[in-house]
Amino acid sequence: MRRLQLVLLAVCSFSFYSLTAQENPDLKEKKPVSLDASFFYGSILEHNPDINHLITGHPTGFIVSYNRRTYGFNEWERRYNYPDWGFSAIYQDLHNEYLGENLSFYGHFNFYFLNRNAYFRIGQGVAVAGSPYDPETNYINNAYGTKLLSSTYIALQYNKQNLYKGFGLNAGFTIIHYSNANLRAPNNSTNTFAFNVGANYNLDYEEFPDYIPEGERTKYTEPVHFNLALRGGGNESDIVGQGQFPFFVVSAFADKRINHKSTLVAGTDVFFAYFFKELIKLQAASFPETGVTGDEDWKRVGLFVGHELRFNKIAFVSHLGYYVYYPYEFENRLYNRLGLKRYFTEDISAAVTVKAHGAKAEGVEFSLGYRF
């Protein structure tokens, strides 16, 4: 688990570095910075009845952030209305003796609207669970099966800057998600919905550079390309103690880039999840009333459509799929995939994605792709 999360953090950090690399090294880029801090108060959402016993209080905590502000130095910044990128940390007391306190670290983006008086933030990172599941000392916590977790948070904020000598105020709401992506059971996860209020400070409020105009928007398209991607990772079924097993996915798909920002994709996945083999054996032997014989095929085939949102050489990947070959019933026939993809060249890419059924993750996929 530790190695998995460190790799995930390294990929995210590299993605942020790649995104902010200068497109024109002959220009001297200024680097304005802002800081913000917020206190939050909220509730754990009952997305799964299995965590009902863990919802006993109202979580509280703090969010602190470092933001690199952009002003159009790179072309992608102008297309997205000059977003911020940066890093943030969250301390959360879940006000439940079995969940304890979590500490998490993220890379994030702020996307502005309403004349830059509001923004939408999305952050991805890792968290340290203060009181994870332990079969002897903390078996009540069926939300976090590991000490290290993956974490995502989103925030919608009203953000008034430079009210007085660089200081401003912000308020809004935040959703914080903790999960280990089914690397180890149990993994029922938590989602905290919280209201927050805080302050911000612009270090360069007296010398912030003028925004570079976007200029005339140009059309951009590419012909259809075919892709092959090999994905892999490790996971465990929902049965505690069954053990972790590798999985592999072979994906073949076509893509069509329709403008600077968007690429449409469609294709097929072939899934080889080895924990399925053990789960089928266990159900056939222990739960014959389910009708599982033990001879069911553990492989699956799906068709999917999707989208890639491009930021320079980075893409946010979103897929929605349906199993057309589904010999063993597990979760449901619809699946989805979300994550980040990095293009090293026009033909070679790597990605870290989470494959799930709705809000229930099946595994973190590490992939390499080739575009023909």
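**Barrels, salt bridges and a nonpolar patch**

Mentor: Over 12 bridges, strand β4 (residues 101–113) pairs in the antiparallel sense with strand β5 (residues 118–129), and within this pairing histidine 108 stands opposite glycine 123 of β5. The model is a predicted one, in which local features need pLDDT of at least 70 and side-chain atom pairs count only at pLDDT 80 or more, while totals for chains, interfaces and linings use all residues. Residues are numbered from 1 along each chain as its sequence is written, and side-chain values use heavy atoms, with hydrogens and water left out.

Trainee: What makes up the barrel to which β4 and β5 belong?

Mentor: Eight strands close in the order β1-β2-β3-β4-β5-β6-β7-β8, with antiparallel pairing. Neighbouring strands of this sheet are turned by 25 degrees against each other on average, direction ignored, where the axes are lines fitted to C-alpha atoms and angles run from 0 to 180 degrees between N-to-C directions. Another closed barrel of eight strands runs β9-β10-β11-β12-β13-β14-β15-β16, again with antiparallel pairing, and its twist averages 25 degrees from one strand to the next.

Trainee: Why is the contact between arginine 79 and glutamate 75 called a salt bridge?

Mentor: The term requires a side-chain nitrogen of Lys or Arg within 4 Å of a carboxyl oxygen of Asp or Glu, and the N to O distance here is 2.8 Å, so the contact qualifies. The two residues are four apart in helix α2 (residues 75–79), which separates them by about one helical turn. The whole structure holds 15 salt bridges.

Trainee: What makes arginine 371 part of a network?

Mentor: The side chain of arginine 371 meets that of glutamate 346 in a salt bridge at 4.0 Å, N to O. Arginine 371 lies in strand β16 and glutamate 346 in the loop between β14 (334–343) and β15 (348–357), so the pair ties together parts 25 residues apart in sequence. Arginine 371 is buried at 8%, while glutamate 346, at 52%, is exposed. Through shared partners, salt bridges join Glu222, Asp255, Arg257, Glu346 and Arg371 into one network.

Trainee: Why does phenylalanine 372 count as exposed?

Mentor: Its relative accessibility is 55%, which places phenylalanine 372 in the exposed class; the residue lies in the segment after β16 (360–371). Phe372 also belongs to a nonpolar surface patch with Val224, Phe226, Leu228, Leu230, Val250, Phe344, Ile348 and Tyr370, with about 870 Å² of accessible area together. Strand β9 (residues 225–235) gives the most to this patch, with three residues.

Conventions. Patch = residues over 30% accessible without salt bridge, like charges linked within 9 Å, V, L, I, M, F, W, Y side chains within 5 Å. Areas by Shrake-Rupley, 256 points an atom, 1.4 Å probe, with all protein chains shown as cover. Buried < 20%, exposed > 50% of the residue type's maximum accessible area, 1.4 Å probe, protein only. Pairing = 2+ DSSP bridges.
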